[in-house]
Each structure stands twice: as C-alpha cells, then as structure tokens.
Amino acid sequence: MSAVEAPARLPSVRRRERPEPERHTVDRRRVDGTVIDQVVLAPEIFGLVPNTAVLHQVVVAQLAAARAGTQSTRTRAEVRGGGAKPFRQKGTGRARQGSTRSPQWVGGGIALGPKPRSYRQRTPKKMIRLALHSALSDRAGEDRVALVDEWNFPAPRTKDAVAALSALGIEGRVLVVLGPDDGIADRSFANLPTVQTLQVSELNAYDILRCDWVIFTDATVPGETEPAPAPSGTVAPARRAPSSRKATATASPAEPAADADAEGEAADTDADAADDTEAETDEGSES
C-alpha cells in the first residue's frame, strides 16, 4: 500500500496539541507590604499545565537519591565462629549440618540481606526542568507566588522576618528563594520552623511542592518579567514634565537655525566693511 492510499490516523491516536501557556500577574511589593507595581511572570515557566506523571517520577528520584544506602547485614561468611561441624553427619536422626552460622541457626548469618548500595536514579535534564516548571506553574495557578524587590534587612533579626511575612500576608509553610548576596535574610529566616530558605541555584520541584508559598526577589525570579498591562477603561498616568536642566540641554530645532542666520548676517556685514576699506585704499593710491 502506498503512502497516498494509507488510511488517515484515528483521532484517538493523534498527538494532542498543548494549550497555550497562561499569563499570571503578581504584585511586586516591598518588604513592608507596599505595592510597587504589577508584573507578568514568564508564561513558559509559570503558565504551563502541570505534568503530574513527570512530577511524580522526579520527586521519587530525588527522594531516592537522598537515601544514605548504608544499611548492611552479615552473611554466613562474615559472622564470627561456626568453623566446626556441630554434630556428626549420620546416626542422630537430624538433618545434616555443617556450621552453626548457617542462616537457619540462631546467631547465624542473614541470607539475601541488604547491603550498601546507591538508590540514585538517572533522570533526564529535560524531565527535571519540566517538573520544576510544572511545580512553579501549580503554585502560580493557585496565586501562591509572591514577589518582593529585595530583602533590605539591616541586620540578621528574626523579628524583622516575621514582620515582613505578616506585611506580605503570607501564612503556612513558606519557601524563600534567595540569591548569593542575601546572607542577612538567610539568617533572619533561619529560626522560623515554617520557613525554608533555598538558593536560587538549588531550586527544585520537591521543595516547591512541600511548601504553600514561594517568595522570589527581582534577582531570583526565573525567566523575564514584564510590566502588567493597564486595565481597560483606566486613564494612563500623565507624563512628568522635563526638568529645567534637561530642557536646557535639549534645545528646540528652531534655535540652531536662528543662530545660523545671525552668524550669516554678521559675516555679510564684515564682508561689506572689508570691501569699503579696499575701495578707499585704491582711490588714495590713484590720487
């Protein structure tokens, strides 16, 4: 059968088209709760439909990799003793035995017991990235993503961290994503049992899913944010008039033209005066 005569694929086996990512808007606030503006989070990171299957596989792999895998039992070769045969081979009516350290004896070795091993699973990087984006999209879909400009704590102080969370209106288990320069904020949140701090380079799906809220700063939010569009029916704020210094520096296009005309007139006057002087000099020489 040629490719032209091949039957069309059934609708049930066709590849499903992925929906367009959603655009979630969050308030960008200061530590004291003041709203600065509204921004739109990156839709390719915060606007996906969560892939639960990938999330489950990645979380299981992460928890498996965290296992120590140091459990160990002794086999009959590792148990001390048992070198002599416990009783003779025949004539006792019992089953023959060669060592008292066999698995069926009390104090003997363990058959097929656990040994040190690694539980790590190989997970593709694309799957890890999809799981992270799915977890962020899940929190953004529930309006559980907060954004602050920066953590400007003057010194490590738990009281300032509690006041900041109260001003932001955040309750429950919180994941605070910090940058390499947020050491003071890290120490401020350290004593709060319901707050987990994490470096932006260590952000993962498991820590996001086990927390109710995720707080980012301008420096740690993934992707590119853009200002939220103004609601329909609202008047755009008037632009501020330029300062006198800026107005002086940017002259209007008519002013250079006027200066050029004045310079031209001065040049013409100087040329006429020079011609009159030459004429007088010629007349004096003839006489």
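Trainee: At what angle do helix H2 (residues 52-65) and helix H3 (residues 125-141) pack, and what distance lies between their axes?

Mentor: They pack at about 115 degrees, with the axes 9 Å apart. Axes here are lines fitted to C-alpha atoms over the stretch in contact, and angles run from 0 to 180 degrees between N-to-C directions. Keep in mind that this is a predicted model, where local features need pLDDT of at least 70 and side-chain atom pairs count only at pLDDT 80 or more, while totals for chains, interfaces and linings use all residues. Residues are numbered from 1 along each chain as its sequence is written, and side-chain values use heavy atoms, with hydrogens and water left out.

Trainee: Over to glutamine 196. Why is it called buried or exposed?

Mentor: Glutamine 196 has a relative accessible area of 17%. Buried means under 20%, exposed over 50%, and partly exposed in between, with a 1.4 Å probe and protein chains only. Glutamine 196 is therefore buried.

Trainee: What makes its side-chain pairing with arginine 210 a polar contact?

Mentor: The distance is 3.2 Å. The term needs a pair of N or O atoms within 3.5 Å; within protein, one must be able to donate a hydrogen and the other to accept it, and residues adjacent in sequence count only if both atoms are side-chain atoms. Aspartate 207 also makes a polar contact with the glutamine 196 side chain, at 3.4 Å.

Trainee: Glutamine 196 lies in strand S5 (residues 195-199). What makes S5 an edge strand?

Mentor: Start with the order of the open, mixed sheet: S5-S4-S6-S3-S1-S2-S7. S5 and S7 (226-227) each have a single partner strand, so one side of each is left without a neighbour in the sheet. Strands, by the way, are DSSP runs of E with at least two residues, helices are H or I runs of at least four, and both are numbered from the N terminus.

Trainee: How many bridges join S2 to S7?

Mentor: Two, running antiparallel, with valine 40 opposite glutamate 226.

Notes. Two strands pair if DSSP finds at least two bridges between them.
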